[in-house]
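Take a guided walk through this structure. Keep the sequence and the 3D view side by side as you read.

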Amino acid sequence: MHLYRSHTCGELSSKNVGEEVKLSGWIDRKRDHGGLLFIDLRDQYGIIQIVIDSDSDFFHSCEAARLESVVTIIGKVFLRDKELINIKIPSGDIEVKIDKFILESPSDILPMPVSGNHDLGEELRLKNRFLDMRRTIVKNNMLLRSRIISSIRKRMIEQGFYEFQTPILTASSPEGARDFLVPSRLNLGKFYALPQAPQQFKQLIMASGFDKYFQIAPCFRDEDARADRSPGEFYQLDMEMAFVTQEDVFETIEPVLYGLFKEFSNWKINTPPFPKIKYKDSILKYGTDKPDLRNPLEISDVTKAFLLEGVTFKVFRDQINKGAVVRAITAPSAANKPRSFFDKLNSWAQEQGQPGLGYIILSDNEAKGPIAKFMSSNAIEKIKVNSLAKDGDAVFFICNSESEASSFAGKSRMRIAQEMDLIEQEVFKFCWIVDFPMYELDESGNSIIFSHNPFSMPQGGMEVLESKDPLEILAWQYDIVCNGIELSSGAIRNHRTDIMEKAFNIAGYSSNDLRTRFGALYNAFKYGAPPHGGIAPGIDRIVMLLANEPNIREVIMFPMNQQAQDLLMNAPSNIDENQLKELSLKINKAKDKK
RNA sequence: GGGGGUGUAGCUCAGUUUGGUUAGAGCGCUGGCCUGUCACGCCAGAGGCCGCGGGUUCAAGUCCCGUCACUCCCGCCA
């Protein structure tokens, strides 16, 4: 017999009745009856009940073994009597009567419970992640993650993609997020950077003549965390293809995502092709570039209605004259909602720093509510036409500068839908956001900067760069969004050095800047670069959606906390003086923290 | 960098609004009882810098000021 086990705890069933088995695992729970002791023995695969009678030689050592101790037992599998069957566990119709017991590794008193489904503080869980991951929910998330990644690999390889590894120690890139830096011992005073994404490498792979590349790629960004943003590091399904249009990228990645979500979830999924929403339309209709399409509400512009003759609502009119817009959200069949419904939303808006949330109620073919009396009948008609509101609905208004109004209308759209319980449940709704602007004005409003990825190909190429107002130029740039979560950005890249130079010139970079900052790409593209494009969906976010977890750290084995500290390994940590010396480094402003 | 929430036993939390006996409960832990439990049950016990510092008060877990930690959000994430 094997030293540790003949079977796993999870594989035993009534088929094994009568067999002598050897099992190893953790003591999940004990029920001590004095003369009779039950142990729930657990391994990755399942739980099985072990029975020890008081006349057994091992009764006292079993009784003394603490929860979560690792033990090996030998025993015989018995069918339980009918009235003793536990339907809650798969092996509930059998049990193992113990013949031999070995305590392999005793457990101290636990800092946190393992068995059962408890809500525990995250700090405690991360400090004891090895205990945390013994718990069913966390364990299942990690197994799910592994299966998802296998499936992704399989699906990509089936489509003819090759997986390549790119460097972890690379050069700092001047754009984008903050880099993590690594000092070089052999090149004193110089630093590597960890890649924020293999962006330039994958484009170099294209320039190297490989046709379809992918990688489950680690990415490092020194930015602040969020619930859906892992601190420090995360993984992308990074992919790039040569000789493709935007449509080709969509057609390639859609079946991968659709198939993956189909494989790992019972929820409904909208079938490819996923709807394509222009960036501009998304901002108007959903108030965001990552719309949650489970929400049926849409935003419309009703600015003109408030300028019609007979409208005496000065508050809005004055703002409109200063350049503000009015956005409307129709709440279907909300006319019969109690006053408290509207008051609640209004005070919510005020909590959000807004003056309030104005509304009219369309009922009995007239408009009611606090601002209705300022409206003329043709203004009400115009609002109804623009916002597709009908009798029995209510319409909410947001008046502000265009960007403020869009953003708050987006929040209100979600809030109203939540209040009215309109969000569709148990469904994944994918969409593409397309036609992102190539450039935008910086905060000061004086200079033109790249809106997203500087390597994207402008729609229309060189001709457009030379002739159009830069702020009007669109890029072959796209996002894929699912349930309001941005899974990825992607683009058809700019593979032409002449267009690249022009594009960078517009954003205020000299040709020389381009060559020094992005020398590798620029140089490579001088010698024949294929048109290419790709995308890089976030793996952690995909797993988070499929695991139905609200927090990305629930699907990462050893995540750092919000302050980007690893509580288990105690990273980041102080460094030995000798190590610093070897790197010729000196800490300037040592913060006096432990 | 800014805003919100939380911080009381090893764990999860009540007590804080309205200051007033010895700060409680469940789980876990220790000891005892229990031969069919499966969140076993029963009895007893140990376990507290009420995050930390200062203040107000006859009296502070409770009120005030500061500070720290965790978390959510904004900024940031080409």
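How do the residues of the surface near RNA strand B divide into nonpolar, polar and charged? Eleven are nonpolar, 16 are polar and 22 are charged. In this count Ala, Val, Leu, Ile, Met, Phe, Trp, Tyr, Cys and Pro are nonpolar, Asp, Glu, Lys and Arg are charged, and the others, Gly among them, are polar.

Some ground rules come next. This is a predicted model, in which local features need pLDDT of at least 70 and side-chain atom pairs count only at pLDDT 80 or more, while totals for chains, interfaces and linings use all residues. Residues are numbered from 1 along each chain as its sequence is written, chains are lettered from A and ligands numbered from 1 in the order in which they are written, and side-chain values use heavy atoms, with hydrogens and water left out.

Stay with the RNA. RNA strand B is surrounded by 49 residues. The closest are Arg31, Asp32, Leu84, Glu95 and His452. A residue is near the strand if one of its heavy atoms lies within 4 Å of it. Sugar or phosphate accounts for 53% of the RNA atoms within 4 Å of the protein, and bases for the rest.

Arg226 places a polar side-chain atom 2.6 Å from a base nitrogen of RNA strand B. Gly121 uses a polar backbone atom, 2.8 Å from a phosphate oxygen. Asn561 has a polar side-chain atom 3.4 Å from a phosphate oxygen. The elements that give two or more residues to the surface near RNA strand B are strand 1 (20-32), strand 2 (36-43), strand 3, strand 5 and helix 2 (122-127). Helices (H or I, at least four residues) and strands (E, at least two) are DSSP runs, numbered from the N terminus.

Strand 3 (residues 46-53) and strand 5 (residues 94-105) run parallel, joined by two bridges. Two strands pair if DSSP finds at least two bridges between them. Ile50 has Val96 of strand 5 as its bridge partner.

Move on to strand 15 (residues 358-363). Why is strand 15 largely enclosed by the rest of the structure? Because five of its six residues are buried. Buried means under 20% relative accessible area, exposed over 50%, and partly exposed in between (1.4 Å probe, protein chains only). Strand 15 pairs antiparallel with strand 17 (residues 394-400) over four bridges. There, Tyr359 is partnered by Phe396. Strand 15 also pairs antiparallel with strand 16 (residues 366-368), over three bridges. Here Ile361 is partnered by Lys368. Two residues lie between the strands of this hairpin, and Asp364 takes a positive phi near 50 degrees.

Thr303 sits in the loop between strand 13 (299-301) and helix 8 (314-321). Thr303 is buried, at 9% relative accessible area. Its side chain reaches the backbone nitrogen of Val326 at 3.0 Å. Beyond its neighbours within four places in sequence, Thr303 is in contact (heavy atoms within 4.5 Å) with Ile320, Ala324, Val325 and Val326.

Helix 13 (residues 497-506) is mostly covered, with seven of its ten residues buried. Among them are Ile499, Met500 and Phe504. The buried residues pack against strand 20 (439-441), strand 21 (448-450), helix 12 (461-467), helix 14 (511-517) and helix 15 (519-524). Gly508 follows helix 13, with a positive phi near 90 degrees.

Finally, consider the backbone. Most residues other than glycine have a negative phi, and most peptide bonds are trans. Ser333 has a positive phi near 55 degrees and is partly exposed at 48%. Asn483 has a positive phi of about 50 degrees, but counts as buried at 7%. The peptide bond from Pro272 to Pro273 is cis, with omega near 0 degrees. The bond from Ala571 to Pro572 is cis too, with omega near -5 degrees.

Definitions and conventions:
A polar contact is a pair of N or O atoms within 3.5 Å; within protein, one must be able to donate a hydrogen and the other to accept it, and residues adjacent in sequence count only if both atoms are side-chain atoms.
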